[in-house]
Amino acid sequence: QRDQRGALLTPLRVTLLTYGSRGDVEPFIALGLGLQRAGLRVRLAAPAKFEAWAAGCGLEFAPIQGNPDELAQAFADQAGLSGLRMIGQMVRHVLPLARSVFATVEEACGDADLIVHSFMMTDAGHTAAVMRGVPEVSAQFFPVFLTTAAFSAVAMPDLPLGPGYRRFTHWFNTSVFRHGARFLYNFLRRSGPRLPDLAAWPFSARAGIPILFGYSPAVLPCPADWPDYAQVCGYWRLPVPQDWQPPADLAEFLAAGTPPVYFGPGSIRSSRMKTLLQAVITAARG
């Protein structure tokens with residue numbers, strides 16, 4: 001309901017669910033702040049290590065247990081570019097946390113009018129939305145869960161085998177994530193009967209929940225064969241403090257020549273970082 005000026009009398013409550021490193025959390029903090037400015041009440045459920053940061057930004061916070069840095073290092077050191085190994089490491093890391101994660105999700109979503117969930121919180125967020133009977137949105141930072149003939153799936157080679165092959169790579173990645181994780185989750189439920197049954201898979205060829213891709217269409221445009229409920233909507237960025245100025249040596253470096261190309265591994269830590277950096281240097285010189 002709204003008053004005569006159009007303002008919400010009872011602000012809608014949105015719960016944001018994400019898990020991972022800073023790259024998985026910072027865009028959700030920015031999204032949460034944007035939703036708050038729009039008049040909604042926001043609660044963020046994310047790894048416990050980010051609680052002080054989110055609280056400092058004025059967001060209500062629900063801590064999720066676990067150490068996402070361990071998962072990031074497993075991706076870098078053990079998974080490499082293998083989609084199967086990436087999903088294997090994710091499942092190995094997340095399943096032992098399932099009981100505490102679902103307890104946190106249940107509490108964080110208890111009064112939600114809308115649930116927004118990221119990649120690793122897909123099943124938990126979708127199940128919570130179905131159990132509460134509230135709408136949901138999937139928010140992703142790379143193309144996933146939808147097939148397309150425009151490009152191959154992440155971590156799959158873009159072989160010159162035509163559009164059918166490209167669609168297959170997306171179907172294959174989604175199938176491994178969907179069925180592999182659910183098989184192991186059901187195995188875990190045998191020793192934890194209080195864990196809920198997972199709701200039916202939220203994406204299909206005919207219909208699916210709304211899915212937002214938080215990257216720039218200038219980097220990867222929305223494919224023409226994606227459904228209407230999928231949108232590439234740009235990056236979700238935190239506002240730059242008004243009084244921020246770059247360090248003097250950085251400003252001098254940027255002004256001294258042509259614009260540089262920046263490479264950064266983000267929050268990933270790897271025992272193979274030296275090899276990775278050498279590959280980047282070789283590519284830049286080539």
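**Exercise 1. State the accessible surface of the chain and the share that belongs to carbon and sulfur atoms.**

Step 1. The accessible surface of the chain comes to about 16,500 Å²; areas of this kind come from the Shrake-Rupley method with a 1.4 Å probe, and for residues only the protein chains shown count as cover.
Step 2. Carbon and sulfur atoms hold 59% of that surface.
Step 3. The model is predicted: local features need pLDDT of at least 70, side-chain atom pairs count only at pLDDT 80 or more, and totals for chains, interfaces and linings use all residues. Residues are numbered from 1 along each chain as its sequence is written, and side-chain values use heavy atoms, with hydrogens and water left out.

**Exercise 2. Give the share of buried residues and the make-up of the chain in helices and strands.**

Step 1. Of the 286 residues in the chain, 41% are buried; buried means under 20% relative accessible area, exposed over 50%, and partly exposed in between (1.4 Å probe, protein chains only).
Step 2. The secondary structure comes to 9 helices and 7 strands. Both are DSSP runs numbered from the N terminus: helices are H or I with at least four residues, strands are E with at least two.
Step 3. Taking contacts between residues at least 6 apart in sequence, 53% join residues at least 24 apart; contact means heavy atoms within 4.5 Å.

**Exercise 3. Work out the strand order of the sheet and name its edge strands.**

Step 1. The sheet is open and has 7 strands, ordered β3-β2-β1-β4-β5-β6-β7, with parallel pairing. Two strands pair if DSSP finds at least two bridges between them.
Step 2. The edges are β3 (60–64) and β7 (230–232), each of which pairs on one side only.
Step 3. On average, neighbouring strands are turned by 20 degrees against each other, direction ignored. Axes are lines fitted to C-alpha atoms, for helices over the stretch in contact, and angles run from 0 to 180 degrees between N-to-C directions.
Step 4. The pairings can be checked by residue. β1 and β4 run parallel and are joined by 4 bridges, with T15 opposite I115 in β4. Between β4 and β5, also parallel, there are 3 bridges, and V116 stands opposite V137 in β5. Strand β6 (residues 211–213) is joined to β7 by 3 bridges, and L212 stands opposite Q231 in β7.

**Exercise 4. Count the aromatic pairs and classify F28–F141 and F50–W53.**

Step 1. Rings of Phe, Tyr and Trp (its six-membered ring) pair if their centres lie within 6.5 Å; planes under 30 degrees apart count as stacked, over 60 as edge-to-face and the rest as tilted. The count by this rule is 16 aromatic pairs.
Step 2. F28 and F141 are edge-to-face, at 5.9 Å centre to centre and 90 degrees between the planes. This pair links distant parts of the chain: F28 is in helix α1 and F141 in the loop between β5 and α7 (163–189), 113 residues apart.
Step 3. F28 counts as buried because its relative accessibility is 0%, whereas F141, at 23%, is partly exposed.
Step 4. The ring centres of F50 and W53 are 6.2 Å apart and their planes stand at 50 degrees, so the pair is tilted. F50 is buried at 7%, and W53 is partly exposed at 24%.
Step 5. One aromatic cluster is formed by F119, F142, F145, F177, W201 and F203.
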